[in-house]
Amino acid sequence: IKIGYFCGDFHNHPVLHIMSEIFKNHNKSKFELYAFSHGPEVKNNIWKDSVTKYFKKFYNIYNINDEEVVKLSRNENIDIAVNLTGLTEHSRTGIFYNRVAPIQINYLGFPGTIGLKSMDYIIADKKVIPKNQKKYYIEKVCYLPKCYIPNAKNEALKISEKKFLRSEFNLPENEIVFCAFHNPHKINPEIFDLWINILKKTGNSVLWIKSNNEIAKKNILHEAKKRGLGSKRIIFAESLTNISDHVERLKLADIFLDSYPYASHSTIYDYFKAYLPVIIREGNSFPSRVSSSIYSAAGLSKLIAKNNLDYEKIAIDLANNKSKILKFKNIIKNKVKNNYLFDGKKFTNNLENLYLEIIRMN
């Protein structure tokens, strides 16, 4: 069975981090893989180099028009075209409009419907798209068991040799450190209100926020002051380019506060690897249910809130009980070793079974 993976993110990107393990574990005696890269070329691209060996052919189609791409795909007799980019940056929706394969699937890169009648299926799980919401998707919804998004693991990732101290990042030694490393545009007044309320009810705790943007820093401090919180309780962190170092740094925090309504997606696995408990606010939309899907599949639903009040309560209760934090960290450490989400072979096998089921339906 010939599978064409169409992606604009064959570089240092969460989609490739996740898919690299799937590319590696595909059963090559049953499936033949073809890559169609429609993002711009990146120099010294170790991420792409680490996965090209898993494909029968790797095509760069960035400078090829839609019509030529359709011809190319049809000449290769691709059975299933998987759109890994959706409506995100470097999308090539037009090639799917013109149908590059008999079966076209929307998966992973975009948390929602692409809105094209020619997209046949979307791969999800019952948490991110509950059965009563299937009617809102143009694509036919196909479910993977437990969770649709596995752990990101890539051979290009090197294990960090760093051992960080709180003092290196201006963090208090003995107080609770709430971490909220989010893109600034994911922070809105509603979620920020909750974070400030949590800080006010948990002693001298601090909020550790990632931001390289001076305007964002200024606005965050201004909004905290408006809500009656002093600037010393907010500590900013710079971005680290090395993902392994980033995970090592995360271990300095006690609790991670997830964003809402656009929750953490694949980045939640960084917090897993740092053994960092995440407080999650589950919403009604696909993007607001990804982290709760991952945590539900991992058996950590005690940290998932269905409303704002519960989100605050769970965070405050955990922060006021250090032994409970330690207990959750140990549970998470065990999940990383033994949970289905971290079993690349089993996950890929389930994905392949879904592909086979889709072929049978056609």
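This is a predicted model: local features need pLDDT of at least 70, side-chain atom pairs count only at pLDDT 80 or more; totals for chains, interfaces and linings use all residues.
View 1. The space inside the second largest cavity amounts to about 50 Å³, and its lining, sorted by class, comprises 5 polar, 3 nonpolar and 2 charged residues. The structure as a whole holds 2 cavities of 30 Å³ or more.

**View 2. The largest cavity and the helices that contribute to its lining.** The largest cavity has a volume of about 60 Å³, and the residues that line it are I18, E21, I22, P150, N151, K153, L341, F342, D343, G344, F347 and T348. Helices α1 (14–25) and α12 (344–361) each supply at least two residues of this lining. Sorted by class, the lining of the largest cavity consists of 6 nonpolar, 3 polar and 3 charged residues.

**View 3. The crossing of helices α5 and α10.** Helix α5, which spans residues 189–200, and helix α10, which spans residues 308–319, have axes that come within 10 Å and cross at roughly 35 degrees; the crossing of α5 and α10 is right-handed. On the α5 side the contact is made by E190, I191, L194, W195, N197 and I198, while α10 contributes N308, Y311, E312, A315 and I316. Taken by class, the residues in the contact of α5 with α10 are 7 nonpolar, 2 polar and 2 charged.

Methods. Residues are numbered from 1 along each chain as its sequence is written. Side-chain values use heavy atoms; hydrogens and water are left out. Axes are lines fitted to C-alpha atoms, for helices over the stretch in contact, and angles run from 0 to 180 degrees between N-to-C directions. Helices (H or I, at least four residues) and strands (E, at least two) are DSSP runs, numbered from the N terminus. A crossing is left-handed if the near helix is turned anticlockwise from the far one by less than a right angle, and right-handed if clockwise. Contact means heavy atoms within 4.5 Å. Ala, Val, Leu, Ile, Met, Phe, Trp, Tyr, Cys and Pro count as nonpolar, Asp, Glu, Lys and Arg as charged, and the others, Gly among them, as polar. On a 1 Å grid over the protein atoms alone, a cavity is a set of points where a 1.4 Å probe fits but cannot get out, and a pocket is an open set with protein on both sides within 12 Å along at least five of seven lines; lining residues have an atom within 4 Å of a point. Grid points are joined across faces, edges and corners, and a volume is the space filled by probe spheres set on the points.
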